[in-house]
Amino acid sequence: MADTSIEWTDATWNPVAGCTIMSAGCTNCYAMRMAARLGAMGLEKYRGLTRKSGGRAKWTGEIRLDEAGLSIPKTWSKSRNVFVNSMSDLFHPNVPIDFVRRVWDVMAQTERHTYQILTKRPDRMSEILRNGFPVLSNVWLGTSVEDDRVLHRLDELREIPAAVRFVSFEPLIGSVSQGSLRGIHWAIVGGESGPHARPLDSSWVDEIFDMCSDADAAFFFKQWGGKNKKATGRTYRQQTWDQMPRLSM
């Protein structure tokens, strides 16, 4: 995969495929549906990564490393914002540290691109990156937070040295009012989309907007979501919010 319709990035790069359900935000993960579709289309990389359960695609837990895909960003001459592992989690426990290092090497060699890495495992991200990994100015590190049950991820993210730290509050399925964006540069907010989408309460968005103001963090509102996300749109407080973080290095 390369070009993408994801509003806050330009392209996706997936040197790893496959994942496991981690928390409530994973329940209706679009990547599970996409992996099932790609596997059914005959793409070997995605075959066997999901199984049907209750009429839905669910991760099997198998993790697949794409050795050939490691060099893809080197072929892009024009600079891009690149979402790393939209179909997996680079810091899944079954991704070897040596492979993470190889991904890091590619990002270091392609400074023209800005890489955006999201994980639901910032504790492992911290553990790995604190052992001989350089802080790269073109690599942004983030975590996903869907409700107040996983607010600890914000604290874990804060401990990681990075040019930019960011949070994806998507799918936002509950209040995060007890959280803080201190030390975090950017917040992406979005409601869940797809056939089983859970509703987004506007008060939860208000809470994050205020948190961004208090922490001087950039605010990006991705979508209201729902079964038809195009119909609900992405306008918040009568405007579109596409703020991007200021570099801290």
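A: Buried means under 20% relative accessible area, exposed over 50%, and partly exposed in between, with a 1.4 Å probe and protein chains only. The model is predicted, so local features need pLDDT of at least 70 and side-chain atom pairs count only at pLDDT 80 or more, while totals for chains, interfaces and linings use all residues. Residues are numbered from 1 along each chain as its sequence is written, and side-chain values use heavy atoms, with hydrogens and water left out.

Q: Then is Thr20 buried, exposed or partly exposed?
A: Thr20 counts as partly exposed, because its relative accessibility is 27%.

Q: Where is Thr20 placed?
A: Thr20 lies in the loop between strand 2 (16–17) and helix 1 (30–40). Helices (H or I, at least four residues) and strands (E, at least two) are DSSP runs, numbered from the N terminus.

Q: And which residues is Thr20 in contact with?
A: Leaving aside neighbours within four places in sequence, Thr20 is in contact with Trp59, Gly61, His92 and Arg121. Contact means heavy atoms within 4.5 Å.

Q: Which side chain forms a polar contact with that of Thr20?
A: The side chain of His92 does, at 3.0 Å. A polar contact is a pair of N or O atoms within 3.5 Å; within protein, one must be able to donate a hydrogen and the other to accept it, and residues adjacent in sequence count only if both atoms are side-chain atoms.

Q: Changing topic, where is Lys222, and is it buried or exposed?
A: Lys222 is in strand 11 (residues 218–223). Lys222 counts as buried because its relative accessibility is 7%.

Q: What does the side chain of Lys222 make a polar contact with?
A: The partner is the side chain of Glu170, at 3.1 Å.
A: The protein chain has 6 helices and 13 strands. Its radius of gyration is 17 Å, close to the 18 Å that the globule rule gives for 249 residues, so the chain is as compact as a globular protein of that length. That radius is taken over C-alpha atoms, and the rule is 2.2 Å times the number of residues to the power 0.38.

Q: How much of the chain is buried?
A: Of the 249 residues, 53% count as buried.

Q: And what are the spans of the C-alpha trace?
A: Along the principal axes, the C-alpha trace spans about 45 × 45 × 35 Å.
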